[in-house]
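The following note sets out numbered points on the structure shown below. Kindly read each point alongside the coordinates.

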There are 2 protein chains.
Amino acid sequence: MSNLLELMAGLIQVFHSYSEKEGNKYTLTKGELKTMMQEQLGDELSQCNDPAEVDKVMKSLDLNEDGEVDFQEFMLVFALLTMACHEFFRDHKEGGKEGCKEGRKEGCKEQK
Amino acid sequence: MSNLLELMAGLIQVFHSYSEKEGNKYTLTKGELKTMMQEQLGDELSQCNDPAEVDKVMKSLDLNEDGEVDFQEFMLVFALLTMACHEFFRDHKEGGKEGCKEGRKEGCKEQK
């Protein structure tokens with residue numbers, strides 16, 4: 001299977017490895033979302049030991065406000081995170097003005 | 001590296017393995033897009049031996065009409081394709097009414 005198709009299948013698989021734990025197997029409950037954040041994003045990104053943080057993330061993902069995250073809502077946040085990662089690497093690779101935006105101070109120390 | 005982060009890195013890598021072949025290394029030219037379609041999606045999906053087909057795909061991806069496909073435009077189409085795949089598998093797994101939509105006749109023969 002080619003790379004892009006492998007990546008597509010991988011995404012569907014990751015989503016279902018969590019969405020099928022409880023309730024509707026095509027959506028993530030808050031509990032499933034929390035487990036996914038802990039296991040997939042690790043502590044640095046997820047900070048999901050704080051229940052209020054999980055509520056905030058759930059609220060921002062659950063666009064149709066049905067209390068669950070479906071595959072479409074999951075894909076939207078995955079795409080946004082991936083674009084943010086891409087921009088971060090591009091900025092750093094280019095070391096350009098954007099490369100030293102206020103938010104990335106630690107990465108720009110050596111360029112001062 | 002966790003699955004989701006691996007998939008993100010994989011996507012950025014696939015994009016750059018084509019975008020860096022010619023011109024701006026952060027965008028796909030029509031030629032790079034055609035090569036990606038051929039190598040990644042294979043003949044069934046890409047039908048890109050037909051130049052008019054590649055023009056059509058290019059036009060639909062190139063939202064800002066600058067003649068190139070940037071990472072954001074690439075992510076949008078990747079997300080849409082992945083959602084379409086997910087829906088296809090879900091419909092087939094469920095074999096429900098959607099599962100026998102007109103467009104998927106071959107998959108529904110045994111249910112007639």
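**Symmetry, interface and core**

1. Chain A is superposed on chain B by a rotation of 180° with 0.0 Å of shift along its axis, at an RMSD of 0.0 Å; the superposition is by least squares on the C-alpha atoms of residues with pLDDT of at least 70 in both copies. The two copies are thus related as by a two-fold rotation axis. In chain A, the C-alpha of A:Leu7 is the one nearest the axis, 3.0 Å from it.

2. This is a predicted model, in which local features need pLDDT of at least 70 and side-chain atom pairs count only at pLDDT 80 or more, whereas totals for chains, interfaces and linings use all residues. Residues are numbered from 1 along each chain as its sequence is written, chains are lettered from A and ligands numbered from 1 in the order in which they are written, and side-chain values use heavy atoms, with hydrogens and water left out.

3. Chain A comprises five helices and two strands, in the order α-β-α-α-β-α-α from the N terminus. Helices (H or I, at least four residues) and strands (E, at least two) are DSSP runs, numbered from the N terminus. Of its 112 residues, 40% count as buried, that is, under 20% relative accessible area with a 1.4 Å probe, protein chains only.

4. The copies meet through the same surface, because 100% of the interface residues of chain A are also interface residues in chain B.

5. The largest nonpolar core has 42 residues, and A:Phe78 and B:Phe78 have the most contacts inside it. Helices α1, α2, α3 and α4 of chain A and of chain B each supply at least two residues of this core. Such a core is a set of buried Ala, Val, Leu, Ile, Met, Phe, Trp, Tyr and Cys residues joined through side-chain atoms within 4.5 Å.

6. Leaving aside neighbours within four places in sequence, B:Phe78 is in contact (heavy atoms within 4.5 Å) with A:Leu4, A:Leu7, A:Met8, A:Leu11, A:Met75 and B:Leu11. B:Thr82, in helix α4 of chain B, is buried, with a relative accessible area of 0%. With the neighbours within four places again left aside, B:Thr82 is in contact with A:Met8, A:Leu11, A:Ile12, A:Phe71 and A:Met75.

7. The buried residues of α4(B) include B:Phe74, B:Met75, B:His86 and B:Asp91.

Notes
Buried < 20%, exposed > 50% of the residue type's maximum accessible area, 1.4 Å probe, protein only.
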